[in-house]
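Here is a short briefing for a first look. Please view the sequence and the model, then read on.

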Amino acid sequence: MSQDLPKLDPPKKPVPTKRRLPPPPPPADASGTGGRADGTIPAVSVAAGGRHRFARAVVRSTAGFLVSLVVHLALLLTMALLVVLTPTESPLAVIVTTDSGKDDLLRQADTVQLTMPDVRDVMGSELRRPLLADVSAAPPTLDAADRTIRPYAARRSDVFDSTDSMRVPNRAPRGGGFEGRRPDRRGALVADGGGNAASESAVALALAWLAAHQRRDGSWRFDFDGEPCNDQCGNPGTVGATNAATGLALLPFLGAGHTHMEGEYRDVVHRGLYYLKDAMVMTPDGGDLHQQTMYAQGIATIALCEAVAMSDDETFRVAAQRAVDFIANAQHSKGGWRYLPRHPGDTTVFGWQMMALKSAHMAGLDVPSPTLSLAERFLDSVQSGDGAYYGYMTPDESPGPTAIGLLIRMYTGWRRDVTPLSKGVAYLAKKGPSESDMYYNYYATQVLHHYGGEAWPKWNEQLRDYLIRTQAAAGHERGSWFFVDKHGSRGGRLYTTAMCAMILEVYYRHMPLYGRSAVEENM
Ligand SMILES: [Zn+2]
């Protein structure tokens, strides 16, 4: 199969053994070392190649006794790290909670296995995971680049205490998984959740439209520039970046059970995923897909993680992990994400990153526990009404941020009977679905579907039938949607269609977060 794939970059030269030494710290001013064009975030700007050149130059130009000095210093560092990191017992079970303890009722205590990091991890010389290259077609470029990435624990030690700065292995999700996308489960979930033949037909038409708008290189564009649409569809978006468009276009396929291994669109999905994998820029902070907006990073990472989670194939596992690493490293010190790495967060960018991290959990990828704890603190900082409502960057009560905030609260462990959750759900239900804001509808529909209860059937019928009614029925636009709205004008018909398709996939795209028994108990 791999012979059909886009050509991969040739393998890099074998990694010299001297790279087992810890890499030199990045210069405070990364200019001239091959960093990204965005020079405002120096900590993520140092390209690996710059460090390699630096290392080679040092080795060439340094006298023997200096090399010896470096080696001895490294040995001393190793000894020091061994002393610092020698665990009393390993692994040890811990309860992950925030330090405040103020809202014990608001989260389920999650027992996870915390494994002490291997000293080799801290030295950055070995992969933290099994060598996937041995069992998959993962390109050697990624494996080689992996060895140059500074270990996560070392990066975050200045932000978190020593316990928090360790990687925590994946824990099983309580719900929200992808099992419902399987053909043998989907029909029952459609019937159970309130979908119907017309909604499923609308999804099928949307997927056909999306497939017809994939570009030759496997990407999609919001602005429909050039092939294959050639302006036959109206309402293109204004954004030219491809990673967000490609990630967003892939999600409805994955949401309906089409992976790169299965389903009638496996070739479409395969080419899209490979586009993202090839577009990824390896940095010391992980795999960069953000193209000047972390929306792209979050959305593309969800696609990669879902593909890993939904298939037994390992082709995209390393790439997905690198993308997750980048998200973790791009988090602002107060827990949020915004357009650029480490900028103070806003709720909308935050939502995509958090869904990417949840998808990563489901794929069995490593997600740093401190990232999630810190993310909850970001939500605390924009909530009002004790967490019933959310704002964009400050405490507020706005529909879109509230829908995002509540959905992430559900994923991070709020029980269904928590008062702010029921108040927030009631607020969304009273507002009802929007006729133009599919961003709000996308999140609010998930919140109401997970929550269930009396509000769901009304919300569902209203929005489901509205979308079925408004889907384009003829011409090149057949199967797509467009509504005039602030997001719609930027993302255009491609964005709108992907969001609408995922809204109509809500019945099976994520398994329920609250079991039926829990729903009945509280009704
Ligand atoms: Zn078109």
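**The zinc site**

The zinc ion is held by four donors at 2.0 to 2.3 Å: His213 (NE2), Cys229 (SG), Cys233 (SG) and His476 (ND1). Donors are N, O and S atoms within 2.8 Å of the metal (3.2 Å for Na, K and Ca); water is not among the atoms, so sites may look incomplete. This is a predicted model: local features need pLDDT of at least 70, side-chain atom pairs count only at pLDDT 80 or more, and totals for chains, interfaces and linings use all residues. Residues are numbered from 1 along each chain as its sequence is written, and side-chain values use heavy atoms, without hydrogens and water.

**Geometry and spacing**

- The zinc site is tetrahedral, with donor angles of 103 to 116 degrees (four donors qualify if all angles lie between 85 and 135 degrees).
- Along the chain, the donors follow H-x15-C-x3-C-x242-H.
- His213, in the loop between helix H7 (197-212) and helix H8 (242-255), and His476, in the loop between helix H17 (455-470) and helix H18 (486-504), are 263 residues apart (helices are DSSP runs of H or I, at least four residues, numbered from the N terminus).

**Exposure of the histidines**

- His213 is buried, at 4% relative accessibility (buried means under 20% relative accessible area, exposed over 50%, partly exposed in between, with a 1.4 Å probe and protein chains only).
- His476 is partly exposed, at 27%.

**Gln471**

- Gln471 also lies in the loop between H17 and H18.
- Gln471 is buried, at 10%.
- Its contacts include Leu205, Gly479 and Trp481, leaving aside residues up to four places away in sequence (contact means heavy atoms within 4.5 Å).

Note on methods:
Four donors count as tetrahedral if all angles lie between 85 and 135 degrees; four count as square planar and six as octahedral if opposite donors are over 155 degrees apart and all others between 65 and 115; anything else is irregular. Helices (H or I, at least four residues) and strands (E, at least two) are DSSP runs, numbered from the N terminus.
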